[in-house]
Amino acid sequence: MKTPALKNVLYVDDDADIREIVQMSLSLDGEMAVHLSDGGERALVKMRDERPDLVMLDVMMPGMDGPSILARMRADAELKHIPVIFMTAKANSSEVARFRGMSAIGVIAKPFDPMALGGQVKALWKSHHE
Amino acid sequence: MNDTREQKMAAAKARMAELAARFIERSIGDLRKMRDDLAKLDAGDASALAEIRHLAHRMAGTGATLGFQALGEHAAGTEALIDALPGGVAPDAQARERLAANIGALESQLANDARRG
């Protein structure tokens with residue numbers, strides 16, 4: 001199967017600095033538009049507005065955490081098809097298995113290398129479509 | 001004219017340096033808040049533990065991403081210490097002492113990082 005182009009990404013994190021770093025990292029190649037949300041219901045509204053190809057979710061956020069946002073997406077006819085990548089400081093094998101069991105297409109460990117993040121995301125996107 | 005990848009990377013690195021400086025400033029304030037929260041814990045306010053954990057979690061993730069690996073590891077250790085405490089009860093004196101020692105280590109590391117600029 002041909003891998004569709006990844007053009008439109010939404011990154012959700014409560015930490016403003018990390019949001020900015022992720023946006024810079026994913027924009028280096030000039031191929032992706034990167035939208036940002038600080039979480040909660042606002043993230044779900046942004047998904048409906050922007051219709052991203054991919055959503056990247058921080059796991060640990062106050063209020064609605066990443067897994068809770070994913071659960072809301074999967075119960076929503078408009079959003080349930082959007083692939084999700086989790087970003088977490090606890091990327092051990094049992095947590096990765098748990099997130100994959102929740103339908104995440106991949107997990108990226110925090111801290112991440114800002115110069116390598118785009119490559120990691122593209123690799124997960126490609127393997128999801130193989 | 002569109003920037004080349006090299007120009008974008010140079011701009012990103014420059015911005016990362018600005019964010020690193022801002023992170024150091026914010027962390028000085030966050031450690032003050034942790035000390036205040038520790039005092040609240042000593043006074044019996046168990047809710048202050050969640051605030052310390054939140055600050056440590058943010059310091060761990062952002063610090064290490066911006067290149068402050070040692071600080072990030074100390075902060076992750078503080079978060080892990082809190083996660084290992086029994087939930088729903090105020091930490092005992094021994095746990096509070098360990099928490100204070102962790103915060104002291106964070107302060108020392110932050111002072112080193114700030115000196116290095």
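Predicted model: local features only at pLDDT ≥ 70, side-chain atom pairs only at ≥ 80, totals over all residues.
The contact between the chains takes 16 residues from chain A and 18 residues from chain B. On the side of chain A that touches chain B, 10 residues are nonpolar, one is polar and five are charged.

One helix pair in the model has a member in each chain. Helix α1(A) packs on helix α2(B) at an angle of about 35°, with the two axes 10 Å apart, and the crossing of α1(A) past α2(B) is left-handed. From α1(A), the residues that make this contact are A:Asp17, A:Ile18 and A:Ile21, and from α2(B) they are B:Gly61, B:Thr62 and B:Thr65. Sorted by class, the contact of α1(A) with α2(B) has two nonpolar, three polar and one charged residues.

Helix α2(B), residues 48–65 of chain B, also packs within its own chain against helix α3(B), residues 69–83. The angle here is about 150°, and the axes are 8 Å apart. Angles over 145 degrees count as roughly antiparallel, so α2(B) and α3(B) are roughly antiparallel to each other. The crossing of α2(B) past α3(B) is again described as left-handed. Residues of α2(B) in this contact include B:Leu49, B:Ile52, B:Ala56, B:Met59 and B:Ala60, and among those they meet in α3(B) are B:Leu71, B:Ala75, B:Ala76 and B:Ile82. The contact of α2(B) with α3(B) divides into 10 nonpolar, five polar and two charged residues.

Helix α1(A), residues 16–27 of chain A, has a partner in its own chain as well: helix α5(A), residues 117–128. Their axes come within 7 Å and cross at roughly 70°. An angle from 65 to 115 degrees counts as roughly perpendicular, and α1(A) and α5(A) are therefore roughly perpendicular to each other. In this contact A:Val22, A:Ser25 and A:Leu26 of α1(A) meet A:Leu117, A:Gly118 and A:Val121 of α5(A). By class there are four nonpolar and two polar residues in the contact of α1(A) with α5(A), and no charged ones.

The largest nonpolar core has 58 residues. Its largest share, eight residues, comes from α2(B), while the residues with the most contacts inside the core are A:Met56, A:Leu57 and A:Phe86. Apart from neighbours within four places in sequence, A:Phe86 is in contact with A:Leu57, A:Val59, A:Gly66, A:Phe99, A:Ala104 and A:Val107.

The remaining points concern the backbone of chain A. Most residues other than glycine have a negative phi, and most peptide bonds are trans. The peptide bond from A:Lys110 to A:Pro111 is cis, with omega near 0°; A:Pro111 is in the loop between β5 (106–109) and α5 of chain A.

Two residues other than glycine have a positive phi: A:Arg51, with a value near 45°, and A:Ser103, with a value near 90°. A:Arg51 is in the loop between α2 (40–50) and β3 (54–58) of chain A, and A:Ser103 is in the loop between α4 (93–101) and β5 of chain A. Are these residues exposed or partly exposed? A:Arg51 has 12 other C-beta atoms within 10 Å and is therefore exposed. A:Ser103 has 13 other C-beta atoms within 10 Å, so A:Ser103 is partly exposed.

Notes
Residues numbered from 1 in each chain as written. Chains lettered and ligands numbered in written order. Axes fitted to C-alpha atoms, helices over the stretch in contact; angles between N-to-C directions. Helix = DSSP H or I, 4+ residues; strand = E, 2+ residues; numbered from the N terminus. Parallel < 35°, antiparallel > 145°, perpendicular 65-115°, else oblique. Left-handed = near helix turned anticlockwise from the far one by under 90°. Contact = placed C-beta atoms within 7 Å. Nonpolar A, V, L, I, M, F, W, Y, C, P; charged D, E, K, R; others polar. Core = buried A, V, L, I, M, F, W, Y, C linked by C-beta atoms within 7 Å. Buried ≥ 20, exposed ≤ 12 C-beta atoms within 10 Å, placed from the backbone.
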